[in-house]
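Keep the sequence and the 3D view open as you read.

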Amino acid sequence: MKKKGIFITFEGGEAVGKTTQIALLQNYLEKKLPNKVVFVHEPGGTTLGEKIRNLLLTDENVKMCGKAELLLFMASRVELYEKVIKKALKEGKIVIADRYYDSTVAYQGSARKIMDKEEILAINKFFLDGLTPDLTIYLKMPAEKAFLRKGNASLDKIELEGMDFHHAVSKGYDFMAKKEPERFFTIDASKSIEDIHNMIVNKVDELIKK
């Protein structure tokens, strides 16, 4: 897909601080470049996507097989791409996405082992017109340490999976970081919020100047 804008994605396991860092970056960029930043999240971001999000993460009455889970995540992503991301990038805007296809490789590929990771990647790129992020910020932290941050907070269906599952998720992300290192910026998520934010801002500013 030909685009004028910049596509930045955030990836990582549960409770690594993605939400906090995305909010900080969004606030920074909106002040620097008013009306030029679009924030999206997965699954969700569209009417259909939010309904799928509820099925995947919240509704305890809905049980599904792994293949159905994989296809629902992809359906939500394709809808978001077609309805929001594609238009924004063609207009020259900066799109910040909370998760993209790396998450499906990590969760449904590496952890669930529904399909081979390479096959999942190929299918996603096909339906997303080959759109690859310009920059992927990978916040990395051991799962046991990350989940200590959750405290007594309620967990969604994915978060409730065991530690073996979340360790496999990390391996999936490491696989993608090694496979496409030119776009991955890996950060130790145990660093302070301020330090991580500064690292991200410096990297993003460098990308914008290019």
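Helices (H or I, at least four residues) and strands (E, at least two) are DSSP runs, numbered from the N terminus. On that numbering, Pro43 sits in the loop between β2 and α2. The model is predicted: local features need pLDDT of at least 70, side-chain atom pairs count only at pLDDT 80 or more, and totals for chains, interfaces and linings use all residues. Residues are numbered from 1 along each chain as its sequence is written, and side-chain values use heavy atoms, with hydrogens and water left out.

**Backbone geometry**

- Glu42 and Pro43 are joined by a cis peptide bond, with omega about -15°.
- Asn35 is not a glycine, yet has a positive phi of about 65°. Asn35 belongs to the loop between α1 and β2.
- Arg99 also is not a glycine and has a positive phi, of about 85°. The loop between β3 (94-98) and α4 holds Arg99.
- Burial is set by relative accessible area: buried means under 20%, exposed over 50%, and partly exposed in between (1.4 Å probe, protein chains only).
- Asn35 counts as exposed because its relative accessibility is 72%. Arg99 is buried, because its relative accessible area is 12%.

**Largest pocket**

- Pockets and cavities are found on a 1 Å grid over the protein atoms alone. A pocket is an open set of points with protein on both sides within 12 Å along at least five of seven lines. A cavity is a set of points where a 1.4 Å probe fits but cannot get out. Lining residues have an atom within 4 Å of a point.
- Grid points are joined across faces, edges and corners, and a volume is the space filled by probe spheres set on the points.
- The largest pocket holds about 500 Å³ of space. Its lining has 25 residues, and Glu14, Lys18, Glu42, Arg53 and Arg99 are the closest to its centre.
- Two or more lining residues come from each of α1 (18-32), β2 (37-41), α2 (47-58), α3 (66-90) and α4 (101-111). The largest share, 4 residues, is from α4.
- For residue classes, Ala, Val, Leu, Ile, Met, Phe, Trp, Tyr, Cys and Pro count as nonpolar, Asp, Glu, Lys and Arg as charged, and the others, Gly among them, as polar.
- The lining of the largest pocket has 10 charged, 8 nonpolar and 7 polar residues.

**Second largest pocket**

- The volume of the second largest pocket is about 170 Å³.
- Its lining includes Leu55, Leu56, Val62, Arg112 and Lys157.
- By class, that lining has 5 nonpolar and 5 charged residues, and no polar ones.

**Cavity**

- The whole structure has 1 cavity of 30 Å³ or more.
- The largest cavity contains about 100 Å³ of space. Of its 14 lining residues, Gly13, Glu14, Val16, Met141 and Ser170 are the closest to its centre.
- β4 (135-140), α6 (143-147) and α7 (163-179) each give at least two residues to this lining.
- The lining of the largest cavity comprises 8 nonpolar, 4 polar and 2 charged residues.

**Surface patch**

- Ile123, Phe126 and Phe127 form a nonpolar surface patch with about 310 Å² of accessible area together.
- Like charges are joined within 9 Å, and nonpolar side chains (Val, Leu, Ile, Met, Phe, Trp, Tyr) within 5 Å.
- Accessible areas come from the Shrake-Rupley method with a 1.4 Å probe; for residues, only the protein chains shown count as cover.
- Phe127 is part of helix α5 (residues 117-127). Phe127 is partly exposed, because its relative accessible area is 42%.

Methods. Patch = residues over 30% accessible without salt bridge, like charges linked within 9 Å, V, L, I, M, F, W, Y side chains within 5 Å. Salt bridge = Lys/Arg side-chain N within 4 Å of Asp/Glu carboxyl O.
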